Amino acid sequence: MTPSNVKATLSFSDGSPAMELPIYKGSIGPDVIDIRKLYAQTGKFTYDPGFLSTAACNSTITYIDGDKGELLYRGYPIEQLATQCDFLDTCYLLLYGELPNAQQQKDFDTLVTRHTMVNEQMQFYLRGFRRDAHPMAVMTGLVGALSAFYHDSTDIHNAKHREISAIRLIAKMPTLVAMAYKYGIGQPFIYPRNELSYSANFMRMMFATPCEEYVSNPVLVRAIDRIFILHADHEQNASTSTVRLCGSSGTNPFAAIAAGVACLWGPAHGGANEAALNMLKEIQREGGVEKIGEFIKRVKDKNSTVKLMGFGHRVYKNYDPRAKLMRETCHEVLEALGLHDDPLFKLAMSLEKIALEDEYFVARKLYPNVDFYSGIVQSALGIPVTLFTAIFALARTVGWIAQLNEMIADPEYKIGRPRQLYAGSVRRDVLPIAARA
Ligand code: SDX
């Protein structure tokens, strides 16, 4: 980061000594005011619950311009990566900072392929769950449990351990998500096949059975691969910040990623795609397009807690570029499957049109985000609603790992330990129970 020649001065109306705060510039995006010495010099904290105005780290991985609706992975626009690269290229880019050349691509693909199996003991861990357990409950458990199988590589401060853990997590997430799905529907687990691509392998582990040869549909494989690319990383979102904070204690990479899985589960975050599809189905049940107006009224009603799921974003105050690409993918998949008249897709497009013309959404700069269309396309791919967020976690694992490794590799990093504004009781003494009111 580059020192700005502009300084910030903090002064106090009670005559307390003013303080000069350095400002730093990034390569693009907002400058930062360095407050690291604030408490030592003033005895005061900053106050920013939700971190709306707080940069928690210095990163070179992903950049979002919320006003332009722009998303860059290592400087490459998401539109170019989603149409010109595949997910493993994107993983390589996020992990190492550059797109792979032909040899690097071949070596990386081979390395990941050779780590797609999980220890057979994992099957017995799964059997401890009810068959109807939510897949995110299963995934939170399975990912955390991985650390129990790799005692040889859990030292997060060892670069070689970080490297092999990254490969193992990227390689095994599709296998674990497919196992969680098969366990839930009572079908046998399908082992990965080394001759298949990453995404073709996932689709086969999800939908093949031992009873017949599985023939994958290249359009659907390409669609799931694009879904992975679109969800791979997204700056310091809630789950990535969770992974960074968790990893800052020095815990092993598997435990830190498991914390990210748990955070992503929430409906305000990665759980929004499941919530968005359930919302569309509810409107459909209530009467479809004719009922959109009534639904929007409920969303705008301050007394209701109804939100338009898949809309709005902390950073994007323009169209989420991933939502545009997801809508295109949705259209391609529905066309390929002969479902162009899919009522939910038509309903989603009507809802989007109405919302984008409504003052409530326009005034608040609420646009569709990545989750608005992803549920429809995943449903068309045959993925059950309860598995949507697990797919999101599969894709975001590479982003979490890249962000975690960036933090750990920074010699200046410390364990994260935010402070607070305390508004509770001042010191008081315990009274004998007989004397209590
Ligand atoms: C993801 O951070 C990331 O990058 C996340 C993510 C990633 O890739 O990691 O992009 C993935 O999580 C996408 C977001 C998925 N969530 C949803 O679609 C759930 C619905 N969206 C909202 O819950 C909300 O928009 C958030 C949580 C996404 C963002 O909320 P903010 O930034 O805290 O904004 P806010 O809640 O303060 O909203 C500002 C106003 C409020 O109204 P007023 O108080 O001004 O009257 O907008 C309203 C909100 O009530 N609002 C909505 C709304 N989202 C915000 N009103 C109706 N429907 C919505 N979806």
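Which side chain meets that of Arg193 in a salt bridge?

Analyst: The model is predicted. In it, the side chain of Arg193 meets that of Glu195 in a salt bridge, at 3.0 Å from N to O. Arg193 is partly exposed, its relative accessible area being 40%. Glu195 has 54% relative accessibility and counts as exposed, because the cut-off for that class is over 50%.

This pair belongs to a set of 18 salt bridges in the structure. Another member of the set joins Glu352 to Arg327, with an N to O distance of 2.8 Å. The two residues lie 25 residues apart and link distant parts of the chain. Glu352 sits in helix α15, which covers residues 343-357, and Arg327 sits in helix α14, which covers residues 321-336. Glu352 is buried at 5% relative accessibility, whereas Arg327 is partly exposed, with a relative accessible area of 29%.

A further salt bridge is formed by Arg36 and Asp34, whose closest N and O atoms are 2.6 Å apart. Arg36 is exposed, with a relative accessible area of 56%. Asp34 has a relative accessible area of 13% and is therefore buried, the limit being under 20%.

Strand β4 (residues 62-65) pairs with strand β5 (residues 70-73) in the antiparallel sense, over 4 bridges. Within this pairing, Thr62 stands opposite Tyr73 of β5. The two strands form a hairpin with 4 residues between them, and Gly69 in that hairpin takes a positive phi near 70 degrees.

β5 also pairs with strand β6 (residues 76-77), again in the antiparallel sense, here over 2 bridges. Leu72 stands opposite Pro77 of β6. β5 and β6 make a hairpin as well, with 2 residues between them, and Arg74 in its turn has a positive phi of about 55 degrees.

Conventions
Residues are numbered from 1 along each chain as its sequence is written. This is a predicted model: local features need pLDDT of at least 70, side-chain atom pairs count only at pLDDT 80 or more; totals for chains, interfaces and linings use all residues. Side-chain values use heavy atoms; hydrogens and water are left out. A salt bridge is a side-chain nitrogen of Lys or Arg within 4 Å of a carboxyl oxygen of Asp or Glu. Buried means under 20% relative accessible area, exposed over 50%, partly exposed in between (1.4 Å probe, protein chains only). Two strands pair if DSSP finds at least two bridges between them.
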